[in-house]
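I am opening my notebook to look through a structure one piece at a time. Come along and check each entry against the picture.

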Amino acid sequence: MKDILIMILSTFGALFILSSSIGLLRKPDIFLRISVTGKASTLGIGLILVSTALFFNNYSVTTRVVAIILFLFITISIGGHLLARAAYIIKTPIWKGTKIDDLAGQYDDVTHELYSEKHHSSIKPDPTDNI
Amino acid sequence: MTKSLFLSNLILAIIWVMATGTLTEENFIFGLIIGFAILGIITYKKEERKYFTVIPKFFAFIAFVLWEITKANFQSARESFYSKSRLEPAIVKVPLDAKTDLEISFLANLISLTPGTLIMDVSDDKKVIYVHVMHLLDKEEFIKETKQKFEKPLLELMR
């Protein structure tokens with residue numbers, strides 16, 4: 001019974017990580033790629049870690065697994081946020097299919113200060129239709 | 001007030017463990033529940049009773065967040081197989097009700113973990129956040145839903 005549960009959990013975890021790597025290949029620009037990889041991999045790694053905890057069935061392993069999952073959830077969203085911000089500021093090309101871009105021209109050119117009202121500057125990613 | 005009630009709750013749980021003489025995690029959690037019930041009976045001042053509404057709400061919120069994360073993962077796993085024509089990405093400005101840094105960072109993490117959304121940046125005057133959405137059907141609808149689903153319960157808990 002326990003073996004079957006471990007098999008199911010680790011298989012689903014591996015499939016989630018596979019789906020996020022396929023998403024990495026198929027998405028047209030960096031922002032969509034960050035979106036896809038960040039999320040699918042959290043659950044993938046989480047499931048694999050839970051199956052590890054079930055396999056060892058040991059108090060010290062379980063507490064470590066809980067700590068790892070907690071830190072994973074905290075850090076992955078922060079990492080994605082920083083990557084997206086840096087990519088926008090250095091004008092990484094944005095996909096031309098993007099419908100609305102409220103962020104365009106809101107950054108200050110020199111100080112990189114972000115305004116909430118209308119502001120006009122030149123930081124605006126170039127549309128691209130690559131891949 | 002909430003803090004001192006929480007400490008009393010912990011002390012009651014430790015006393016319960018010592019009185020029963022079995023130090024296992026189940027017994028400790030049972031002690032916490034018993035302490036919670038005892039404190040709920042003996043606390044009568046209205047301003048102190050906040051602790052007893054916040055704790056159940058907190059656990060309900062954690063369950064809700066975990067459910068949302070699972071849903072997000074299934075959705076983004078499915079979306080990795082979509083063709084490009086079905087994508088409708090957009091960067092949307094969402095006005096904030098949260099004021100302090102802690103509230104904003106919790107909200108930003110929460111939005112990042114849910115389906116198809118990614119925080120781009122918080123404006124320097126802390127009035128708006130910019131969110132990258134993978135499937136935007138209606139801008140107003142999205143802003144309203146985000147505020148209803150995440151910001152309102154979070155602020156209720158933290159204030």
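This is a predicted model: local features need pLDDT of at least 70, side-chain atom pairs count only at pLDDT 80 or more; totals for chains, interfaces and linings use all residues.

Residues are numbered from 1 along each chain as its sequence is written, while chains are lettered from A and ligands numbered from 1 in the order in which they are written.

**Domains.** I looked up the domain bounds, which come from an automatic or database domain assignment. Chain A has domain 1 (2–93) and domain 2 (95–124), with C-alpha centres 30 Å apart.

**Sheet in chain B.** Which order do the strands take? I read β1-β3-β2, an open antiparallel sheet of three strands. (Strands are DSSP runs of E, at least two residues, and helices runs of H or I, at least four, numbered from the N terminus; two strands pair if DSSP finds at least two bridges between them.) β1 (90–95) and β2 (117–122) of chain B are at the edges with a single partner strand each, so one side of each has no neighbour in the sheet. Six bridges join β1(B) to β3 (residues 128–133) of chain B; A90(B) has V133(B) as its bridge partner.

**Helices on the sheet.** I saw helix α4 (residues 101–112) of chain B lying across β2 and β3 of chain B, at about 150° to β2(B). Angles run from 0 to 180 degrees between N-to-C directions, with axes fitted to C-alpha atoms, for helices over the stretch in contact (C-beta atoms, placed from the backbone, within 7 Å).

Methods: Two residues are in contact if their C-beta atoms, placed from the backbone, lie within 7 Å.
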